[in-house]
Amino acid sequence: MTRTNPPPGAEPDDVPDDAALALRPDLTDDELNELFDAAWPGHRPTSFEPVLARSLAWVAARRAGRLVGFVNVAGDGGAHAFVLDTTVHPDEQRRGLGVRLVRAAAEAARASGAVWLHVDFEPHLTSFYARCGFRPTAAGVMPLDGS
């Protein structure tokens, strides 16, 4: 696959992307595990069925039939929704697909009645999530696995 370089002066995520997005499409464990294996070092195959069964929404991106992006939205049953597992295949990164996925997830959360959309991320992703429309807030996280 040929990667498109951004025009001079453009941010890499400003490059138009033509991957097809779909809300709550059928997804198999095989294709999700293939995507996560490519994007997340150390990913172990898992069943996504229990995750998707509890999701408020999810958005997937395909190019030529191949799953190249995914984002999950969990909800609390009220005003709050949470972006989880934003994943873009490494071959597709830095082309705007991740921003499109998160914005589509935000619209799905809004349509489901959520008023607030939350996301936790590592510091190197601050500018990405800012481009998606998130503002920084003070928050906390507690690891439950002993790490």
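This is a predicted model: local features need pLDDT of at least 70, side-chain atom pairs count only at pLDDT 80 or more; totals for chains, interfaces and linings use all residues.
A residue is called buried here when its relative accessible area is under 20%. By that cut-off, Glu31, Leu32, Asn33, Leu35 and Phe36 of helix α1 are buried.

The chain as a whole comes first. It holds 4 helices and 5 strands, and along the sequence these follow the pattern β-α-α-β-β-β-α-β-α. The chain has 147 residues, and 36% of them count as buried. Among contacts with a separation of 6 or more, 63% are between residues 24 or more positions apart.

Helix α1 covers residues 29-39, and Glu31 is part of it. The relative accessibility of Glu31 is 18%, so this residue falls on the buried side of the 20% cut-off. Its side chain reaches the backbone nitrogen of Thr28 at 3.0 Å. Leaving aside residues up to four places away in sequence, Glu31 touches Asp26, Arg62 and Leu67. The cover over the buried residues of α1 includes helix α2, which spans 49-53, together with the strands β2, β3 and β4.

Between α1 and α2 runs a loop, and His43 lies in it. His43 has a relative accessible area of 18% and is therefore buried. With residues up to four places away in sequence left out, the contacts of His43 are Asn33, Phe36, Asp37 and Phe48.

Two glycines come next. Gly69 lies in strand β3, while Gly77 is found in the loop between β3 and β4. Gly77 has a relative accessible area of 84% and is exposed. Not counting residues up to four places away in sequence, Gly69 touches Leu35, Val59, Ala60, Ala61, Thr87, Val88 and Leu101. Gly69 and Gly98 are 29 residues apart along the chain, with 7.3 Å between their C-alpha atoms. For Gly77 and Ser112, the separation is 35 residues in sequence and 9.5 Å from C-alpha to C-alpha.

An α-helix has 3.6 residues a turn, so residues three or four places apart point the same way. After α3 comes Gly113, with a positive phi near 105 degrees.

The largest pocket has a volume of about 980 Å³. It has 29 lining residues, and those nearest its centre are Trp40, Thr86, Thr87, Leu125 and Tyr129. Two or more lining residues come from each of α1, β4 (80-88), α3 (97-111), β5 (116-119) and α4 (126-132). Which element gives the most to this lining? Strand β4 does, with 7 residues. By type, the lining of the largest pocket divides into 13 nonpolar, 9 polar and 7 charged residues.

The second largest pocket has a volume of about 780 Å³. It is lined by 25 residues, and Leu117, His118, Val119, Phe134 and Arg135 are the closest to its centre. At least two lining residues are supplied by each of α3, β5 and α4. Here α3 gives the most, with 5 residues. The lining of the second largest pocket divides into 16 nonpolar, 5 polar and 4 charged residues.

Key. Residues are numbered from 1 along each chain as its sequence is written. Side-chain values use heavy atoms; hydrogens and water are left out. Buried means under 20% relative accessible area, exposed over 50%, partly exposed in between (1.4 Å probe, protein chains only). A polar contact is a pair of N or O atoms within 3.5 Å; within protein, one must be able to donate a hydrogen and the other to accept it, and residues adjacent in sequence count only if both atoms are side-chain atoms. Contact means heavy atoms within 4.5 Å. On a 1 Å grid over the protein atoms alone, a cavity is a set of points where a 1.4 Å probe fits but cannot get out, and a pocket is an open set with protein on both sides within 12 Å along at least five of seven lines; lining residues have an atom within 4 Å of a point. Grid points are joined across faces, edges and corners, and a volume is the space filled by probe spheres set on the points. Ala, Val, Leu, Ile, Met, Phe, Trp, Tyr, Cys and Pro count as nonpolar, Asp, Glu, Lys and Arg as charged, and the others, Gly among them, as polar.
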